[in-house]
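User: I would like to go through this structure term by term. Please tie each label to its definition.

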Protein chains: 2
Amino acid sequence: MNIAEHFPIYNELTPEEQRLIDNSAFSRDIKKGTLIHNDNSECLGLTIITDGQLRAYKTSEDGREITLFRLLEYDICLFSTSCTMQSFRADVTIVAEKDSTVIVIPAHVYEQLAATSIKLVTYASEVMANHFSDVMWLLEQIMWKSFDKRLAAFLVEESYLENSTTLKITHELIANHLGTAREVVTRMLKYFQNEEYINLTRGTIDIIDLPKLKNY
Amino acid sequence: MNIAEHFPIYNELTPEEQRLIDNSAFSRDIKKGTLIHNDNSECLGLTIITDGQLRAYKTSEDGREITLFRLLEYDICLFSTSCTMQSFRADVTIVAEKDSTVIVIPAHVYEQLAATSIKLVTYASEVMANHFSDVMWLLEQIMWKSFDKRLAAFLVEESYLENSTTLKITHELIANHLGTAREVVTRMLKYFQNEEYINLTRGTIDIIDLPKLKNY
């Protein structure tokens with residue numbers, strides 16, 4: 001477990017603060033699908049992703065979903081420390097979207113560090129500002145970008161995350177990412193197929209014209 | 001100008017930090033409609049509202065608007081310090097919605113304080129978490145709440161902010177708050193009139209059944 005590599009401000013902390021982290025942080029392998037955080041879960045602590053992919057999303061009362069952002073290697077999940085921040089009423093769910101490895105600085109240690117280390121608080125504040133910016137961007141997309149453009153952008157992003165033009169993903173799952181109904185996704189994917197941007201087979205979407213999707 | 005009254009953490013700062021604020025902060029009267037901050041404006045600094053009402057909103061490329069939140073007395077506007085935070089790419093516009101009075105801690109002073117005062121950084125982080133929570137709430141509303149419910153909630157909120165059941169507001173302006181088209185607002189207001197929740201006259205909306213709107 002190499003904390004300094006994945007937690008850039010580690011080197012800026014005092015030896016005492018570093019020791020506190022060294023003595024309490026632990027690495028954890030997380031299977032795809034595992035719940036990392038929601039409003040009812042225990043407060044894990046500061047979670048640093050060293051491998052894999054987490055998904056942060058919101059759920060409506062009747063179970064609909066929309067993806068807020070993804071956390072990849074080197075990203076920091078701040079929501080799992082939200083119990084230490086009384087102003088943070090975000091009600092976000094975080095799950096492992098792929099098999100992942102994370103380093104966790106336990107919540108009580110994080111709280112202790114945040115009371116004394118201005119470096120850490122400033123860093124956490126930058127991370128929050130980043131998440132905030134992501135959600136602002138999403139709000140704009142939802143308000144003012146038509147669904148076909150959002151779907152095209154999603155397929156391009158997925159292709160980038162999977163490093164492949166063959167996406168094994170159901171229409172239902174795409175609908176959950178984009179906060180819409182499965183039928184809406186299916187209809188638009190068929191349109192993209194007719195335009196020869198993609199090819200649909202059972203459970204798979206083959207992107208055959210990535211540049212067209214990118215510029216859609 | 002009483003900073004301590006409107007800036008709760010002032011009393012927790014060191015005498016030196018307090019002096020820095022005393023020597024640089026200034027009060028400013030702002031006329032209704034004045035632009036306080038957007039992405040092109042100079043970076044004002046930490047803005048504390050001592051009287052009046054500011055509106056934070058986003059604008060689309062083609063000029064449509066949606067209100068993110070309002071800032072009232074005792075609220076802090078963090079966006080006007082966003083130049084000091086590189087991760088904050090929010091592109092938010094802030095205008096005075098009523099004649100207002102603010103206390104400003106200039107950006108360079110704020111930056112200086114934020115480098116040394118963990119109290120201030122922690123406080124600013126709490127304010128940001130609050131704004132973040134507001135925007136998360138808005139995202140939920142837009143995704144999963146029907147427009148009639150959002151309009152009813154908006155009329156109730158306006159009535160609260162104006163301390164009156166007579167609202168002098170155009171349909172166009174409501175559309176800008178809620179991120180929709182004027183026609184959509186007009187149609188729904190007429191429906192509310194038919195249901196005898198409100199009464200429409202030129203430029204005015206009279207709320208005649210506030211409890212019904214609240215529980216809508």
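User: Where in chain A does Asn163(A) lie?

Analyst: Asn163(A) sits in the loop between helix 5 (147-162) and strand 9 (166-167) of chain A. Helices (H or I, at least four residues) and strands (E, at least two) are DSSP runs, numbered from the N terminus. This is a predicted model, in which local features need pLDDT of at least 70, side-chain atom pairs count only at pLDDT 80 or more, and totals for chains, interfaces and linings use all residues. Residues are numbered from 1 along each chain as its sequence is written, chains are lettered from A and ligands numbered from 1 in the order in which they are written, and side-chain values use heavy atoms, with hydrogens and water left out.

User: Why is Asn163(A) called exposed?

Analyst: Its relative accessible area is 70%. Buried means under 20% relative accessible area, exposed over 50%, and partly exposed in between (1.4 Å probe, protein chains only). Asn163(A) is therefore exposed. Asn163(A) also has a positive phi of about 50° although it is not a glycine.

User: How do you know that the side chains of Glu140(B) and Lys58(A) meet in a salt bridge?

Analyst: The N to O distance is 3.3 Å. A salt bridge is a side-chain nitrogen of Lys or Arg within 4 Å of a carboxyl oxygen of Asp or Glu, so the pair of Glu140(B) and Lys58(A) qualifies. The count between chain B and chain A is two salt bridges.

User: How many residues does each chain bring to the contact, and what area is buried?

Analyst: Chain B and chain A each bring 41 residues, where contact means heavy atoms within 4.5 Å. Between them the chains bury about 3,600 Å², 71% of it on carbon and sulfur atoms. Buried area is the accessible area (1.4 Å probe) that two parts lose on being put together, summed over both. Phe132(B), Leu139(B) and Trp144(B) supply 21% of the area that chain B buries against chain A, more than any other three residues.

User: How much of chain A counts as buried?

Analyst: Of the 216 residues in chain A, 54% are buried. Chain A holds eight helices and eleven strands.
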